[in-house]
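Grab your viewer and a pencil. Here are a few exercises to work through, each with a solution to check against.

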Amino acid sequence: MAPQTLDEQRIKDRVQSSVDRASTIFAEKNIRFTDLRRKVFEEIAATTASVGAYEVLDRLAKKGTRLAPISVYRALDALLEAGVVHRLESKNAYFACGRLHHPRTGRRPMFLSCEKCGSVIETDGEDIFKSIDSAARNADFEPRVKFVEVSGTCKDCAAKRQD
Ligand SMILES: [Zn+2]
Ligand SMILES: [Zn+2]
């Protein structure tokens, strides 16, 4: 095997620690972290960008795991249910939860999606959710907001722009 670059090693370490945390969460919720769910999760955790279901399918196929789309969608549903990945509705793509503690705090996240590099970061969005709730209720409307997505430019891309 070819020697690994530092970057490859870093990604591998990050994926491994995400997998460890995800497997703890699955155990806590009494959901099985099957081999297939783990493989799908690893592909999503390997990148900071969001990944579509068919991209996951392609990447796994290249590694010799050929799956039907329905299997990938089922695995993704389990990962969503456990809260270890989120779905970016604007792109219909998935990304690994970067703040695996938020289901416990009950504070809902806001997703910041970079239009240039595709990376997605999460930040606390609870104050925004509260504002939406109260504005909607003032209009006699019962809101059902799960996530707030914001598109824009990430720190790295903003720095490149200035060079
Ligand atoms: Zn999250
Ligand atoms: Zn960016």
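Predicted model: local features only at pLDDT ≥ 70, side-chain atom pairs only at ≥ 80, totals over all residues.

**Exercise 1.** Work out how many helices and strands the protein has, and the order in which they run.

*Solution.* Start with the count: there are 7 helices and 5 strands. Next, walk from the N terminus, and the elements come out as α-α-α-α-β-β-α-β-β-α-β-α. For the overall dimensions, the C-alpha atoms fill a box of roughly 60 × 50 × 25 Å along the principal axes. Finally, 22% of the 163 residues count as buried.

**Exercise 2.** Find which members of the largest nonpolar core touch the most other members, and which element gives the most to this core.

*Solution.* The core has 26 residues, and the ones touching the most other members are Val40, Phe41, Ile44, Leu79, Val84 and Val85. Now sort by element: at least two core residues come from each of α1 (6-28), α2 (35-45), α3 (53-62), α4 (69-82), β1 (85-88) and β2 (93-96). The top contributor is α4, with 6 residues.

**Exercise 3.** Decide how α2 is oriented against α4, then do it again for α2 against α3.

*Solution.* Two packed helices are described by the angle between their axes and the distance between the axes.

- Take α2 and α4: their axes come within 9 Å and cross at roughly 85°. An angle of 65 to 115 degrees counts as roughly perpendicular, so α2 and α4 are roughly perpendicular to each other.
- On the α2 side, the contact uses Leu36, Arg37, Val40 and Phe41, while α4 brings Ser71, Val72, Ala75, Leu76, Ala78 and Leu79. Sorted by class, that contact has 8 nonpolar, 1 polar and 1 charged residues.
- Take α2 and α3: the packing angle is about 105°, with the axes 10 Å apart. That makes this pair roughly perpendicular, too.
- Here Lys39, Val40, Glu43 and Ile44 of α2 meet Val56, Arg59 and Leu60 of α3. The tally for α2 with α3 is 4 nonpolar, no polar and 3 charged.

**Exercise 4.** Check the end-to-end span of α6 against what you'd expect, and say whether α6 is buried or in the open.

**Exercise 5.** Look at Asn30 and Asp140: what is the phi of each, and is each buried or exposed?

*Solution.* Asn30 sits in the loop between α1 and α2. Its phi is positive, near 60°, in a residue other than glycine. Asn30 has 6 other C-beta atoms within 10 Å, and 12 or fewer counts as exposed, so Asn30 is exposed. Asp140 lies in the loop between α6 and β5, and its phi is about 55° although it is not a glycine. Asp140 also has 6 other C-beta atoms within 10 Å, so it is exposed.

Notes: Residues numbered from 1 in each chain as written. Chains lettered and ligands numbered in written order. Core = buried A, V, L, I, M, F, W, Y, C linked by C-beta atoms within 7 Å. Buried ≥ 20, exposed ≤ 12 C-beta atoms within 10 Å, placed from the backbone. Helix = DSSP H or I, 4+ residues; strand = E, 2+ residues; numbered from the N terminus. Expected span 1.5 Å × (residues − 1). Axes fitted to C-alpha atoms, helices over the stretch in contact; angles between N-to-C directions. Parallel < 35°, antiparallel > 145°, perpendicular 65-115°, else oblique. Contact = placed C-beta atoms within 7 Å. Nonpolar A, V, L, I, M, F, W, Y, C, P; charged D, E, K, R; others polar.
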